[in-house]
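Hi,

Here is the structure I said I would pass on. Have a look at it first, and then read on for what turned up.

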Amino acid sequence: MTDLQQRPDGVGFGRVIRKEDARFVRGKGNYVDDIVLPGMLFGAVLRSPYAHAKIVSIDTSAAEAHPKVKAVITGALLETLSLAWIPSLSHDVIAVLATDKVRYQGQEVAFVVAEDKYAARDALELIDVEYEVLAPVVDAKRALDPDAAVIRTDIEGKKDNYIFDWGSGDEDATEAVFKKADVIVEQDMLYPRVHPAPMETCGAVADMDPISGKLTIYCTTQAPHAHRTLYALVAGLPEHKLRVFSPDIGGGFGNKVGIYPGYVLAVVGSILTKRPVKWVEDRSENLMSTSFARDYHMHGKIAATKDGKILGLRVDVLADHGAFNNTAQPTKFPAGFFHVFSGSYDLEAAYCAVKGVYTNKAPGGVAYACSFRVTEAVYVVERMVDRLALELDMDPADLRMKNLLRPEQFPYTSPTGWEYDSGEYPRALELAMKMAGYWDLRKEQAEKRARGELMGIGISFFTETVGAGPKKHMDILGLGMADGCEVRVHPTGKAVVRLSVQTQGQGHETTFAQIVSEVTGIPVADVEVVHGDTDNTPFGLGTYGSRSTPVSGAAAAVASKRIVDKARLIAAAMLECSPDDLEWELGRWQVKGDPSAGKTIAEIAFAAHATLELPEGLEGHLDASCVYDPPNLTFPFGAYICVVDVDPGTAKVTVRRFIAVDDCGPRINPMIVEGQVHGGLADGVGMALMESIAFDEDGNCLGGSLMDYLLPTSIECPSWETGETVTPSPHHPLGLKGVGESATVGSPPAVVNAVLDALKPFGVKHADMPLTPAQVWRAMQGRPMRTDMAIQ
Amino acid sequence: MTVNGEAVSGEVEPRLLLVHFLRDNLRLTGTHWGCDTSNCGTCVVWMDGVPVKSCTVLAAMASGRDIRTVEGLEVNGELDPVQKGFIEMHGLQCGFCTPGMMLTARWLLDHNPDPSETEIREAISGQICRCTGYENIVRAIRWAAENSNGNGAAMKEEVGA
């Protein structure tokens, strides 16, 4: 089933160029902002200039008098529709438009609908809002101080900025291993607030048909079905009269999972004006108000024997969730899957405690290809292992090799209860070290150090946790995380597959055709993929957390297998033999011992639609569906090695090499998998060296444009060196594991470990991301700075 | 102005950006709007044979100029080698940065038909891609350089005319 060579007949898995590229290279993609409907109006959002302020009054009269303005919407108006507040994804609420006060800079205050987008922006200038500025809560570490301003005065009786405490693992057992350990290392570290910043910002076109009552929402969403159901639940709109259409998406990375106020405002605008309304945010709006990622202040504590056997790990986290708790993750897990923080190692005990707090910053937290905070988990464990190596004066590769889980330990139950499905960890690390020429690099480093040159080598070994997830454990706002798929074979043997998930660049139009092809033998070119349209696809929770292949891909595989099973019965009727006498040769059922007697899937498909008398109880046509509830998550893994040079004069870091060995099980399309890995590695370099959304003491966002929020370009990125091992998942029907987020999760600690390895001669033990020249310079002086605040 | 060889005219507000003129007035939506600050490069088009960021060019400034967009890369039903290279080498994922990347790549190859990896990285360094990590964009442009068959040169004459 999993032959990775491309078949000459264009069937199944292997390197296939993408179906979607034909339109994209011609500039014929169809993104939300490309959609134009007759009579369409344009919306624009007025945003708060302050981080924390009471709204005294809003005067919209001048804006309403603008000749091109059709509607001005305020929080007061939304209150009359019970839409001023909507549920968040984490059992909190978020404001669509501020009514009582603003809680972060960039928060939505009013919405203008006008005949063109320039006029809509002009009218924003005509709205007069009187604010009474309040003290902001900017520093998460002071959010629970007794004198901190209370942000969520909308919650009755709320007297502080506390959200939750949550823990996982065995605290007592962990304390016990710390008592017997020879060596304990502790380290504070921040995973700064970063932003997915897809090249396409968020937007929507809402089109309410006043006659039929049908509302069509074209939207930048990774989860069209979840959006439809949430609109129905929140606004009381009948779900059959709602159609969410997610066209081409210009990158998502978790930024396009949630429902943003702008989408709701476009809907309200369309209902009020009875015309289609388009709203598309600009870059500053995207960076300042939509889902950020991370913002985890972590304290790690690792215990080991003096010869380097790791015994236990404890992490205490202060989680900055911003002004509303709107993280997107399964209900039971307020810290996402952070509790997979024991990583790839054989520990006796582990415990984590996470405390969530409100601050006067934009809400979010789970985004940016993070696999529900596995990114933070991998960062903390991989940094702690390097800190331990430094303390023990052991090579970080040797220390990891000594402690990695061994193949015979799988399926492995982690100290916090995860069941890792499969893994061959040492093999991946060995391959990465071989590709890197690890020991030669260490020699080169020693020579350079002797000359005063700063070269660093950093390792990261990560275990990913994807494919959420089993319904018994996982839901989002009560919706179980199972996904549907429908496969239909047309009479002439061509097929259509309908998906609940939605690509944002991952190439689903190609890879899902390959899955169907792999199982049925129908050529990839003959399988059409339909997705992104709730009226024409089965229900499911969408694409994020690298879940498309493990969940929806499994649904496609099972539905395809059902097609093959049904085809067997029809073939038997055609050949007038028993189904038991047939054997499957890809694309064809044939008589055992007489391969010349057989029927291809196309012949069978035609017969299924024709006049052939089918066996008792068998219906005609050749189609099948599946709703897949995964029995477990999948656990892709990988070994990454980064080589950096640091300029001793300017403290500038150059990533010289990056070696990435990924194991995501069998690869549907190796070209696409490699591309996904490349993209994630660039994310890692960006987060480690450049990206951060910091705030000044007044709560002003210091990362509100691409001039301030620095993303990696072709210059900062090296030529990636990739390798693979293949360890199939035992529970996925095709052994697949998913890969979209692996490299984003795994790469940041490799870069950071490399930079700190380069700085070893300075006695630097840790410095927080992003390791900009300023930060590295300060670290070399022994005074690394906090990177979540304006430069102190 | 001419756009992809066709004369176009229109009365516009002085403040109208070229990117919006192309997208909204001419419905050439292959040119994208990404950042407003000339940082991302999804809006790159050619103006008089030079790549510019159309989010920081006023439509009025393009009056009388020759504009080329992604829709003008394919000539007589034949994809430009750069377009073919992006397909062959998986130089795109979500496709949003792709038009701008390809226009810069075409310009590079017209001026340097055999660029090194470093020269390619320099050429596209003013544009951002969030999906590919740039590696396959570099490979795509190299593919185009190696598979041009004089196609690129022919195109250059047409555009420069």
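Where the two chains meet, 56 residues of chain A and 48 residues of chain B are in contact. Keep in mind that this is a predicted model. Together the chains bury about 4400 Å², with carbon and sulfur atoms giving 53% of that area. On the chain A side, A:Val25, A:Tyr118 and A:Met199 supply 18% of what chain A buries against chain B, more than any other three residues.

One to look up joins the side chains of A:Asp122 and B:Arg15, at 2.7 Å from N to O. The interface also has 28 residue pairs in polar contact. Three helices of chain A, H1 (21-24), H4 (117-124) and H16 (670-689), each bring at least two residues to the side that touches chain B. H16(A) gives the largest share, 9 residues. By type, that side of chain A splits into 26 nonpolar, 14 polar and 16 charged residues.

Now for the inside. The largest nonpolar core has 221 residues, and A:Met298, A:Phe338, A:Leu689 and B:Phe86 touch the most other members. Helix H9 of chain A (residues 374-392) gives the most to this core, 11 residues. If you centre on A:Met298, its contacts beyond four places in sequence include A:Tyr191, A:Val317, A:Phe338, A:Tyr379 and A:Val380. There is also a second, separate core of 46 residues, with A:Ile515, A:Val529, A:Ile570 and A:Ala605 among them.

Cheers

Notes. Residues numbered from 1 in each chain as written. Chains lettered and ligands numbered in written order. Predicted model: local features only at pLDDT ≥ 70, side-chain atom pairs only at ≥ 80, totals over all residues. Heavy atoms only, no water. Contact = heavy atoms within 4.5 Å. Buried area = accessible area lost by both parts, 1.4 Å probe. Salt bridge = Lys/Arg side-chain N within 4 Å of Asp/Glu carboxyl O. Polar contact = N/O pair within 3.5 Å; in protein donor to acceptor, adjacent residues only side chain to side chain. Helix = DSSP H or I, 4+ residues; strand = E, 2+ residues; numbered from the N terminus. Nonpolar A, V, L, I, M, F, W, Y, C, P; charged D, E, K, R; others polar. Core = buried A, V, L, I, M, F, W, Y, C linked by side-chain atoms within 4.5 Å. Buried < 20%, exposed > 50% of the residue type's maximum accessible area, 1.4 Å probe, protein only.
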